[in-house]
Amino acid sequence: MKIQLISASLLLMSLGASAAPNFGDSASAVATQRIVHRLQISKVSDLNFGEASPGDGPVTVMPGVSENTENASFEVRGEPSRLYQIILPANNSVKMLNGNGGADREILIKEFLSFPARAGTLDGTGKSMIFVGAKRDAISNKQKVGDYIGQFYITVVY
């Protein structure tokens with residue numbers, strides 16, 4: 001009788017263990033990664049405001065729809081047929097300097113514009129051109145004669 005009681009107890013315990021409620025679950029997912037061509041930009045030509053004399057007014061170089069003797073131009077390469085964003089310099093953030101700059105040796109560049117504006121699309125071969133223009137401030141009557149140079153950056157991102 002004792003053996004039957006122990007066997008029955010073991011049977012009930014094993015039945016009880018399998019009848020316990022299941023409060024968890026699991027699922028699987030797949031990790032993926034697509035590698036695309038890196039977005040690159042290179043300068044083709046510089047922004048050129050030409051010549052001016054002390055006292056001259058402001059000058060605007062328009063970006064245009066193709067390269068010309070005034071606008072800056074850039075070639076973009078990356079993933080074919082992909083949209084990219086264009087980030088231009090902030091307004092009033094770029095100066096052309098004569099020497100080390102200072103009084104009457106600086107000219108402000110502002111209101112940068114591009115074509116295409118704000119965004120572009122790479123063609124089927126992964127190429128695109130960007131044309132950039134800007135506005136040069138008026139030249140002071142006391143502006144020092146000489147060459148003025150200022151560097152600016154444009155950025156492209158997917």
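Predicted model: local features only at pLDDT ≥ 70, side-chain atom pairs only at ≥ 80, totals over all residues.

Q: Is S114 buried or exposed?
A: S114 is buried, because its relative accessible area is 9% and the cut-off for buried is under 20%.

Q: What is S114 in contact with, leaving aside neighbours within four places in sequence?
A: S114 is in contact with P63, I86, L88, I130, F131 and V132.

Q: And which backbone oxygen lies 2.7 Å from a polar atom of the S114 side chain?
A: The backbone oxygen of P116. P116 sits in the loop between β6 and β7 (119-121).

Q: What kind of peptide bond joins F115 and P116?
A: A cis one, with omega at about 0 degrees. Most peptide bonds are trans.

Q: OK, zoom out. How many helices and strands does the protein have?
A: There is 1 helix, and there are 9 strands. Along the sequence, the pattern reads α-β-β-β-β-β-β-β-β-β.

Q: How much of the protein is buried?
A: Of the 158 residues, 27% are buried. The exposed surface comes to about 11,000 Å². Carbon and sulfur atoms supply 54% of that surface.

Q: What about contacts between residues at least 6 apart in sequence?
A: Of those contacts, 80% join residues at least 24 apart.

Q: How confident is the predictor?
A: The mean pLDDT is 91. A value of 70 or more is reached by 87% of the residues.

Q: Where does pLDDT stay under 50?
A: Over residues 8-12. The model has 0 contacts beyond four places in sequence for that stretch.

Q: New topic: salt bridges. How many does the structure hold?
A: It holds 5. Side chains of opposite charge can pair when their charged atoms come close.

Q: Which residue does R34 pair with?
A: R34 forms a salt bridge with E79, and the closest N and O atoms are 3.0 Å apart. R34 lies in the loop between α1 and β1, and E79 lies in the loop between β3 (72-77) and β4 (83-87), so the pair ties together parts that are 45 residues apart in sequence.

Q: Are those two buried or exposed?
A: One of each. R34 has a relative accessible area of 59%, so R34 counts as exposed. E79 is at 12%, so E79 counts as buried.

Q: Which residue meets K43 in a salt bridge?
A: D46 does, at 3.1 Å from N to O. K43 is exposed, with a relative accessible area of 52%. D46 is at 48%, so D46 counts as partly exposed. The cut-off for exposed is over 50%.

Q: And what does K110 meet?
A: The side chains of K110 and D137 meet in a salt bridge, at 2.9 Å from N to O. This pair links distant parts of the chain, 27 residues apart. K110 is in strand β6, and D137 is in the loop between β8 (127-136) and β9 (155-157).

Q: Is K110 buried or exposed?
A: K110 is buried, because its relative accessible area is 18%.

Q: Strand β6 again! In which sense does β6 pair with β5?
A: The antiparallel sense, over 4 bridges. M96 stands opposite I107 in β6.

Q: Which residues of β5 are on its covered face?
A: V94 and M96. K95 and L97 make up the uncovered face of this strand, residues 94-97.

Q: What about phi of E111?
A: Phi of E111 is near 55 degrees, which is also a positive value in a residue other than glycine. E111 is found in strand β6. Its relative accessibility is 42%, so E111 counts as partly exposed.

Notes
Residues numbered from 1 in each chain as written. Heavy atoms only, no water. Helix = DSSP H or I, 4+ residues; strand = E, 2+ residues; numbered from the N terminus. Buried < 20%, exposed > 50% of the residue type's maximum accessible area, 1.4 Å probe, protein only. Contact = heavy atoms within 4.5 Å. Areas by Shrake-Rupley, 256 points an atom, 1.4 Å probe, with all protein chains shown as cover. pLDDT = per-residue confidence, 0-100. Polar contact = N/O pair within 3.5 Å; in protein donor to acceptor, adjacent residues only side chain to side chain. Salt bridge = Lys/Arg side-chain N within 4 Å of Asp/Glu carboxyl O. Pairing = 2+ DSSP bridges.
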